Amino acid sequence: MFKKVLGFLVVLSMVIGGVTVLQSMGGQSAKGEGQVKEITQKEQEKNESKIVSKQKALEKRLAEIRENLRERYKREGLSGEELEKQVELHLKLIKKRVNLNAATKSIKKIKEGMKTNALWLEDAILDLGRTMDPEGVPFLIDILKNYEKSDSVRACAASALAITGDKSSIPALKESLRDKSPKVQISSARTLAYLGEKELSFTVLVKAKAFEVFVETNDKRAIPFIKEALEDENAYVRVRASYSLIRLGEEKSIVFPVLIEALNDRDRYLRSCALGALAKIGDEKSIFLIKGVLNHKDRSTRESALEHLERLAKVGNREAIVALKESLDNEDRIIRSRAKEALKRIEKDGLKEDKKSE
């Protein structure tokens with residue numbers, strides 16, 4: 001009897017002990033599940049915080065771009081509704097490329113291309129910059145500093161950093177001003193200027209005759225150096241200098257000799273550049289010179305002159321409208337026909353207020 005009772009007590013003890021163990025295991029399991037949920041929640045909060053941070057950075061960058069575009073179009077003579085329209089159109093094109101979740105996929109693609117220095121590599125790097133995903137910035141900096149296979153690719157990385165507008169790249173860009181490649185030096189200097197570091201980049205850009213950067217950043221300290229370039233032995237440099245001085249608001253009379261000479265150059269592209277510069281001036285003398293090109297022996301040059309006259313006429317430049325009407329009697333049948341079509345388009349669209357003729 002005693003043995004039976006003892007056996008029963010032993011079994012009962014084992015059962016109770018098993019239940020206790022199971023309860024303990026159940027408690028640990030519940031605790032583990034709670035910890036997993038807590039970790040998952042923390043990860044989710046971390047991801048949400050990252051998304052909010054990216055979005056705020058993007059909004060700030062787009063606000064900077066909008067203001068830069070506004071200043072740029074103001075310098076080009078736009079104002080009011082027309083200015084805001086151009087700013088929003090430009091901004092819309094930029095926003096199409098934005099993708100705050102694109103860095104991982106883009107980086108993977110670029111790394112594959114880097115193995116063979118693929119022809120599309122530079123485009124892919126610029127596209128990464130256009131996404132404005134902050135996670136792509138460290139990778140672009142790494143390319144700028146360490147990719148030795150191609151100077152062009154490193155220079156492209158510097159340009160992509162300009163698009164991102166991320167100022168954390170400034171130290172690496174400063175270092176790249178001493179790069180062995182002039183191409184990388186110039187590209188880095190451009191980006192530094194766009195990021196507001198004008199002092200650091202000034203000397204490199206002057207030496208490179210990168211006048212357009214001074215125009216984009218409205219850095220008038222460069223004007224004396226640009227004026228010197230009007231005497232440069234290279235005709236393209238002279239015309240680019242002329243155009244830059246016009247956009248920086250300098251006295252127009254100093255550039256006419258250079259542009260007139262370029263209009264008579266054998267190089268078609270140089271003539272086209274000179275026409276663009278004259279159209280930018282848009283005064284009576286410029287219109288007279290453009291109109292004279294309508295009789296040039298090269299048809300594409302004549303057509304380019306007509307296109308500039310139409311653009312000027314569309315914004316109400318009265319001298320350009322008169323020049324188009326006079327072109328109806330041009331010896332070239334195609335010029336006569338296109339002038340007629342241009343005047344019809346202008347009449348249909350209506351003329352805008354002519355600020356230069358007031």
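This is a guided tour of the structure above, stop by stop.

**The whole chain**

Start with everything shown. The model is predicted. Colour by secondary structure: the protein has 18 helices and 0 strands. The protein has 358 residues, and 40% of them are buried. Now think about contacts along the chain. Among contacts with a separation of 6 or more, 56% join residues 24 or more positions apart.

**Helix α5 and its cover**

Select residues 137-146, which form helix α5. Which residues of this helix are buried? Val137, Phe139, Leu140, Ile141, Ile143 and Leu144 are. Next, show what lies over them. The cover of these buried residues includes α3 (103-116), α4, α6, α7 and α8.

Zoom in on Leu144, which sits in α5. Its relative accessibility is 1%, so Leu144 counts as buried. Display its surroundings. Setting aside residues up to four places away in sequence, Leu144 touches Arg154, Ala157, Ala158, Leu161, Ala172, Leu173, Ser176, Val184 and Ser188. Then draw a distance from Leu144 to Cys156. These two are 12 residues apart along the chain, and their C-alpha atoms are separated by 8.2 Å.

Select Asn117, in the loop between α3 and α4. Check its backbone. Phi of Asn117 is near 55°, a positive value in a residue other than glycine. Is Asn117 buried, exposed or partly exposed? Its relative accessibility is 31%, so Asn117 counts as partly exposed.

Go on to Met132, in the loop between α4 and α5. Phi of Met132 is near 60°, again positive in a residue other than glycine. At 9% relative accessibility, Met132 counts as buried, because the cut-off for buried is under 20%.

**The loop between α7 and α8**

Select Ser181. This residue lies in the loop that runs between α7 (170-176) and α8 (182-194). With a relative accessibility of 3%, Ser181 counts as buried. What does Ser181 contact, leaving aside its neighbours within four places in sequence? The partners are Asp151 and Arg154.

Rolling a probe the size of a water molecule over the atoms shows where empty space is left. Go to the second largest pocket, which holds about 910 Å³ of space. Its lining has 31 residues. Select Arg61, Ile65, Asn68, Ala162 and Tyr194, the lining residues closest to the centre of the pocket.

Now colour the lining by element. Two or more residues come from each of α1 (2-75), α2 (80-97), α4 (121-131), α6 (151-164) and α8. Which element gives the most? That is α1, with 8 residues.

**Helix α9**

Select Glu199, in helix α9 (residues 198-208). Glu199 is exposed, with a relative accessible area of 64%. Draw a distance to Ala189. Glu199 and Ala189 are 10 residues apart in sequence and 9.9 Å apart in space, C-alpha to C-alpha.

**The loop between α10 and α11**

Select Asp219. This residue is in the loop between α10 (211-216) and α11 (223-228). Is Asp219 buried or exposed? At 5% relative accessibility, Asp219 counts as buried. Show its contacts. Leaving aside neighbours within four places in sequence, Asp219 is in contact with Lys198, Phe202, Phe214 and Leu248. Take Phe202 from that list. Asp219 and Phe202 are 17 residues apart in sequence, with a C-alpha to C-alpha distance of 9.3 Å.

**A helix pair: α13 and α15**

For the last stop, select residues 256-263 (helix α13) and residues 284-293 (helix α15). Two packed helices are described by the angle between their axes and the distance between the axes. Here the angle is about 10° and the axes are 11 Å apart. Angles under 35 degrees count as roughly parallel. The helices α13 and α15 are therefore roughly parallel to each other.

Show the side chains where the two meet. On α13, the contact is made by Phe256, Ile260 and Leu263. On α15, Lys285, Ser286, Leu289 and Val293 make the contact. By class, the residues of this contact divide into 5 nonpolar, 1 polar and 1 charged.

Definitions and conventions: Residues numbered from 1 in each chain as written. Predicted model: local features only at pLDDT ≥ 70, side-chain atom pairs only at ≥ 80, totals over all residues. Heavy atoms only, no water. Axes fitted to C-alpha atoms, helices over the stretch in contact; angles between N-to-C directions. Helix = DSSP H or I, 4+ residues; strand = E, 2+ residues; numbered from the N terminus. Parallel < 35°, antiparallel > 145°, perpendicular 65-115°, else oblique. Contact = heavy atoms within 4.5 Å. Nonpolar A, V, L, I, M, F, W, Y, C, P; charged D, E, K, R; others polar. Buried < 20%, exposed > 50% of the residue type's maximum accessible area, 1.4 Å probe, protein only. 1 Å grid on protein atoms, 1.4 Å probe; cavity = no way out; pocket = protein on both sides within 12 Å on 5 of 7 lines; lining within 4 Å. Points joined across faces, edges and corners; volume = space filled by probe spheres on them.
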